Structure formats: structure tokens, C-alpha cells
Amino acid sequence: MDKVKTQVVGSVSEASGSPCKKIQHSSAHSNLNAVTPDDIAHFAKFLPQNAILSTLSPISIAPSEIEQYNTDWMGKYHGSSTTVLRPHTTEQVSKIIKWCHERRIGVVPQGGNTGLVGGSIPIKNELILSLNNMSKVRSFDPVSGALVADAGCILEAISEYIAPHNHIMPLDLGAKGSCQIGGNISTNAGGLRLLRYGSLHGSVLGLEVVLPDGTILDNLSTLRKDNTGYDLKQLFIGAEGTLGVVTGVSILTPAAPRTVNNVIFALPTFENVLPLFKLARQHLSEILSAFEYIDRTSYDLAVKHGQGRGLSEEEIEDAQCFVLLETSGGNKEHDEQKLNVLLETLLESDSPMINTGVLSQSPAQFASLWRLREGITEAVSKEGKVYKYDISIPLSSFKEVVDATREQLQRKGLLHEHAVKHVLGYGHIGDGNLHLNIVAAAYTPEIEAALEPFVYELVASYKGSISAEHGIGAMKTHAIQYSKSAVAIDMMRRIKQILDPHGIMNPGKVLG
């Protein structure tokens, strides 16, 4: 099969004055058709009027009314879709996909649109299939913890639904107030609880998926164990809507911890982070639920933009980086005793690993410390236009990668107030996931050329992954070979060809 060539083109948005991403694929759309008024008339036969948004007749709304669907939340990716459909049921999704399959119309499934790699934004004028109206919890078993829900359920809303039953969702994200569980699964989102509860490949019990020809695959099992042949649901976890539309989810929710604590540490050097992580695992073992790394630049920007402070100015004066540690367990006294032993060990050491630390003393302080970590994304977005790289690398190389990227931009003459203002890193030490962020005054071809393929080659040199939890989307289709072998890519293309021979599902994403 011929390789799909990708070309990144920068264009200027009149509204913002900043470049927007338009990614052109040489063959992804060659056999696809645009939506027509006849297609709108067909959809109107089985969808209510408020489920169809289109600039085409007879709906004829203004393009501005669907701009929110055509643009990602960062303002980085822009599509030109004319039509957004918002079905209420799986059967309606099936009819839409079947029609698009027959008519060769490209379809972009869209959840909360909180992604960072352009995966839910049309590349051209594909039809947008929004899951916003599919937001019902279908069932919950408080004994087993098995939850069955529509794919359009907001993550935070599901969390609030099961909270009275003393259960929590196995994943927690900064975008929990707007991201949808179907999108989380389609991108295999990781988040802040992966250290304790593992990935969605283990938490998801079953899926309901509308395949590219409109067939409904009902695999919504709530069984913990089912060893009858291929585990088909795994194909769709992380497939980013390229193999079908996830419409229903069965997921195992863990029992809520009876007690939680968190503590923020200021460290004099990055070299102390891994010894601290090792010591924390030894002392806290089963109650350690999060271990988050925050470099000094990330911390300072979060404080600057009102995301909390955590420590006083005097306490952080000589700190190079910070660690936010969380414990969750079933016995308050037991957990606090373990945590106190760890703190005493750290404070009494002959060569201290930490400068200082603050243990939350109330629910308000607990929330405040997490707000500092979760607020970094918002803080950097207020500082400028952000190039985001979500990578998996060895824990020991977090700082090396950030420093190497900063040095690369310095060599290119781009590290100044009018180009790149900050290079920073933060992430999940527990699973080796670094969020490398480059904050610029504007998105420019010069900055992108300095960063790519440099960052991808750097990651490959550590045998890492160019996408730890955000996915490939439109942003990284040209770079997948840095993390996947030619054999693996060929197998993925074969699977795509079998399930979606017309290439209508999220064209131009993942494999290009």
C-alpha cells in the first residue's frame, strides 16, 4: 500500500492573527464525497430537527454556529465541515454511518473536543458526528462496580453519579468537566490515576461500537472474565474513531478510598526525584495513588496565573522542581502512619532529598494542591500559544529531554520573548509520561521546523513513544514510525482496510 504523504500548512486566522493548522493528506480524501442537501434531507427522515446543524439548505445556519465543532479548544486545528449531526441513540448513529458508508462521506466522531492532537476536528469538510446528546447512564451495579453508560457522558458527571455509591472512575483528567467517556476510551486517555488503577485497556469491560458499514457491534459485557476468542474491544481503545464509533461503554469502577492525603515537596535538584519515588513506593506501597512531577517553570506559571501556590516564596527559593504525591486507602490511621514515617525518613536523612514539604490538613488544602497541578495546562495556555508533546520516556530522562529541547531552540535563535518564551515539563512519574510544552508568542513554521522532527528523533533515541496518552490524531500521523515498526504499521493498515475499506472513519487520522 502506498504511504500517505503529509504536509503541514500554516495559515493565518483573521480573528486571532495566529496560524492555524491545516493538514493536507495526499490520498486520505481522494475517494470521499462532501455532504449535500440531499444527504441533509435523508438525515431529517430519522433525526429530530435540533439534531441537525448545517450550513446547507434547507437548514442553512450561519457557519459561525458550528465553528465550535470545527475548531479545537486551543484554536490550533480548524476544519471546514458544513454539517454536524447530534444523534440521541445508537440506532440513529447506525443509520448515519450506514448512509455515509454507501455515499462515501467522511465522518469525524467528536466527543468533548478536548483533545490536543486534532483528532476530533475535520481535516476538510467531513461530516461531524457529535455524541453530546448521548449522555445517559444505562446501569450501575454497586456490588461489582460495573458501570454501563452512553459514550457521550461527561467524565465528571459519571463520577458524580457513582459517588453516592462510594465508587470512583478509574481515570481522572484535568478536562474531566468537559471530556466524554467515549472520547477517553477512543484515545486511551491515561490521566492522574493510572499509577493506582492502570490503563483503560484493563478497566474497560465491554464496548458498543457502530462499525464503518453501520453494523452495531454489541460487546457491552459486564463480565470480569471472558476468554472466548479475540478480545475485540481492545481494537477500539485508542483507535481514535478510525475503526468505528464507540456509542456505549461498560467499565469497572473501583471502590472509593475512605481516606486520601496529598503532600507537595520542593526538591533542590531533579536527580532527587527518582530516589524519592523509590522511597515513596517502599514506604507507601499499596496506598500510593499519584506521583506527579512539576518542573520549576511549570510551577511558576501555575502560580502566576492563579492556580494556587502550595508553598511560600521562602520555601521554594532554591527549588529546581516539585513532586505532588497522593495516597488513598481504607484506614485513616494506617495511611497517616505510613505517610508520617516517610516524612520523618526524608527530614532526618543526612543528605536530604527535599528542601521542604507541605502535607494537606483539610479537604480544601487537598483540593488546592491538586488545583496547582491540574491548572498547569490552563496556565500555559494563558501565557501564549503552546506546542504540546505528550511522550513516554525513561523516568531518568525527563529533565534531559526538556533541556535538550530548550538548547535546540536556543541554537535556532528562537528562544526569546517574541518567539519561544518558555520550555517546560511536567507529568506522571508513575508511568513515565512527560508533558513537554513549548510556549510561544505565536504558532509559526520556523518554530515547528525547529521542533519537528527533533522532538520525535529525541524520543526515539530513548526508545520512547511519541504519544503516551493524547493519541496520534492529525498532528503525529507523519511521525508514527518513530514509535512503531514497519511491520506494526502494516498490520494496523490491514486492520483499517478490513473494517473500513472506504476510509470514511475519521479520515487522515492515526495512519494518515
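Q: How many aromatic pairs does a search of the whole structure find?
A: The search of this predicted model finds eight aromatic pairs.

Q: What makes the pair of Phe-43 and Phe-46 edge-to-face or stacked?
A: The ring centres of Phe-43 and Phe-46 lie 6.3 Å apart, and centres within 6.5 Å count as a pair. The planes of the two rings stand at 90°, and planes over 60 degrees apart count as edge-to-face. The pair is therefore edge-to-face. Both Phe-43 and Phe-46 are buried.

Q: Why is the pair of Tyr-456 and Tyr-482 called stacked?
A: The centres of the rings of Tyr-456 and Tyr-482 are 5.9 Å apart, and their planes are at 25°. Planes under 30 degrees apart count as stacked, so this pair is stacked.

Q: How do you know whether Tyr-456 is buried or exposed?
A: Tyr-456 has 1% relative accessibility, and buried means under 20%. Tyr-456 therefore counts as buried.

Q: Which residues form one aromatic cluster?
A: The cluster is formed by Phe-270, Tyr-293 and Phe-398.

Q: Why are helices H10 and H13 called roughly perpendicular?
A: Helix H10 (residues 296–304) packs against helix H13 (residues 376–383) at an angle of about 80°, with the axes 8 Å apart. Angles of 65 to 115 degrees count as roughly perpendicular, and H10 and H13 are therefore roughly perpendicular to each other. The contact of H10 with H13 has five nonpolar, one polar and two charged residues. On the H10 side are Ser-298, Leu-301, Ala-302 and Lys-304, which meet Ile-376, Ala-379, Val-380 and Glu-383 in H13.

Q: How do you know that Glu-292 is buried?
A: The relative accessible area of Glu-292 is 2%, and buried means under 20%; Glu-292 is therefore buried. Glu-292 is found in strand E13 (residues 288–295). Not counting residues up to four places away in sequence, Glu-292 touches Leu-192, Phe-322, Val-323, Leu-324, Trp-370, Arg-373, Gly-427 and His-428.

Q: What makes the approach of the side chains of Glu-292 and His-428 a polar contact?
A: The distance given for the side chains of Glu-292 and His-428 is 2.9 Å, and a polar contact requires N or O atoms within 3.5 Å.

Q: Where are peptide bonds cis, and what are the omega values?
A: The bond from Ser-57 to Pro-58 is cis, with omega near 5°. Pro-58 is in the loop between strand E3 (52–54) and helix H2 (67–70). Another cis bond joins Glu-452 and Pro-453, where omega is about 15°. Pro-453 is in the loop between helix H15 (445–451) and H16.

Q: What is the phi of Arg-104, and why is Arg-104 called partly exposed?
A: Arg-104 is not a glycine, yet has a positive phi of about 60°. With 29% relative accessibility, Arg-104 counts as partly exposed, because that value falls between the 20% and 50% cut-offs.

Q: Why does Asn-166 count as exposed?
A: Exposed means over 50% relative accessible area, and Asn-166 has 53%, so it counts as exposed. Asn-166 also has a positive phi, near 60°.

Conventions
Residues are numbered from 1 along each chain as its sequence is written. This is a predicted model: local features need pLDDT of at least 70, side-chain atom pairs count only at pLDDT 80 or more; totals for chains, interfaces and linings use all residues. Side-chain values use heavy atoms; hydrogens and water are left out. Axes are lines fitted to C-alpha atoms, for helices over the stretch in contact, and angles run from 0 to 180 degrees between N-to-C directions. Helices (H or I, at least four residues) and strands (E, at least two) are DSSP runs, numbered from the N terminus. Angles under 35 degrees count as roughly parallel, over 145 as roughly antiparallel, 65 to 115 as roughly perpendicular and the rest as oblique. Contact means heavy atoms within 4.5 Å. Ala, Val, Leu, Ile, Met, Phe, Trp, Tyr, Cys and Pro count as nonpolar, Asp, Glu, Lys and Arg as charged, and the others, Gly among them, as polar. Buried means under 20% relative accessible area, exposed over 50%, partly exposed in between (1.4 Å probe, protein chains only). A polar contact is a pair of N or O atoms within 3.5 Å; within protein, one must be able to donate a hydrogen and the other to accept it, and residues adjacent in sequence count only if both atoms are side-chain atoms. Rings of Phe, Tyr and Trp (its six-membered ring) pair if their centres lie within 6.5 Å; planes under 30 degrees apart count as stacked, over 60 as edge-to-face and the rest as tilted.
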